[in-house]
Amino acid sequence: MSLLDKVRAALGERDVSLDCASCGQRSWKGGWGELGNLYGLLPGVTPDGVIMETPVARGGLAVYPLICSNCGYIRLYSLEVLVGDDR
Ligand SMILES: [Zn+2]
């Protein structure tokens, strides 16, 4: 099962409305098209503006975008909340 499928299933289990907040249609695609198992990593930044990373690790929030294929509106979901470690 692709990450996109897992995100869609998790949203369905939680009764999340799939109506686009911008145009009202229900036409979503994963943020990276055919590469449905990729996700985004929002960087953590200190109050001083320093990005939290070392040569071997990067601190950040794992997110998955759904993009409305009609108007381009982007929803961003936390993978920790939706799928936990099952990426
Ligand atoms: Zn839309």
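In which sense do S1 and strand S3 (residues 60-68) pair, and over how many bridges? The two strands pair in the antiparallel sense over three bridges; strands count as paired if DSSP finds at least two bridges between them. The model is predicted: local features need pLDDT of at least 70, side-chain atom pairs count only at pLDDT 80 or more, and totals for chains, interfaces and linings use all residues. Residues are numbered from 1 along each chain as its sequence is written.

Overall build
- The chain has two helices and four strands, in the order α-β-β-β-β-α along the sequence.
- Helices (H or I, at least four residues) and strands (E, at least two) are DSSP runs, numbered from the N terminus.
- Of the 87 residues, 14% are buried, meaning that 20 or more other C-beta atoms, placed from the backbone, lie within 10 Å of the residue's own; 12 or fewer is exposed, and in between is partly exposed.

Strand pairing
- In the pairing of S1 with S3, glycine 30 stands opposite leucine 66.
- Strand S2 (residues 40-43) pairs with S3 in the antiparallel sense over four bridges, and leucine 41 is opposite alanine 62 in S3.
- Strand S4 (residues 74-78) and S3 are antiparallel over five bridges, with serine 78 in S4 opposite valine 63.
- S3 and S4 form a hairpin with five residues between them, and glycine 72 in the turn has a positive phi of about 90°.

Aspartate 15
- Aspartate 15 lies in the loop between helix H1 (3-13) and strand S1 (28-30).
- Its phi is near 55°, a positive value in a residue other than glycine.
- Aspartate 15 counts as exposed because it has 6 C-beta neighbours inside 10 Å.
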